[in-house]
Amino acid sequence: MAGILVAVFWAILVSFLALALVRLAQTLKAATKLVAEVTEQAVPLLSEASATVRSANTQLARVDSIAADVQEVTSNASALSSTVSSAFGGPLVKVAAFGYGVRRAIGRKGQPQPEGETTRTVVVGRTLPSARRGGRRNRGSKG
């Protein structure tokens, strides 16, 4: 009886192991098929990605060239601006100031000067002493 039990036990054990091996074989076949499909799809994707990277690299080289040209144009415009400013800036300011002075002189020429108003003289480039020394704090009282 013990031999029959051992034989039945071994038969059941072998059946379970055979079933497990069959399922493992099916899983390995499915995994192999999946890897083959992924490989078939990945190769064209990688070639497309490589072409895209090459195209992007070409475009970046063009953008780099454009940026260098823009930088050169900017520096040339800056140099031109400073040259024009130094060449015409001073004389234009002087002409504008002269024109302003002439307009004011012509505007005041026809108007009589009111009584009690004094004429001021402006001296360019010099600081004139103030008419009153000290402020209100320094007047007579010590307090």
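Biologist: What percentage of the 143 residues of the protein chain count as buried?
Modeller: Buried means under 20% relative accessible area, with a 1.4 Å probe and protein chains only. This is a predicted model, where local features need pLDDT of at least 70, side-chain atom pairs count only at pLDDT 80 or more, and totals for chains, interfaces and linings use all residues. Residues are numbered from 1 along each chain as its sequence is written, and side-chain values use heavy atoms, without hydrogens and water. For the 143 residues, the buried share is 0%.

Biologist: Which helix holds leucine 17?
Modeller: Helices are DSSP runs of H or I, at least four residues, and strands are runs of E, at least two, numbered from the N terminus. The protein chain has one helix and zero strands. Leucine 17 lies in residues 2-109, helix H1.

Biologist: Is phenylalanine 9 buried or exposed?
Modeller: Exposed means over 50% relative accessible area, and partly exposed lies between the buried and exposed limits. Tryptophan 10, at 48%, is partly exposed. Phenylalanine 9 has a relative accessible area of 54%, so phenylalanine 9 is exposed.
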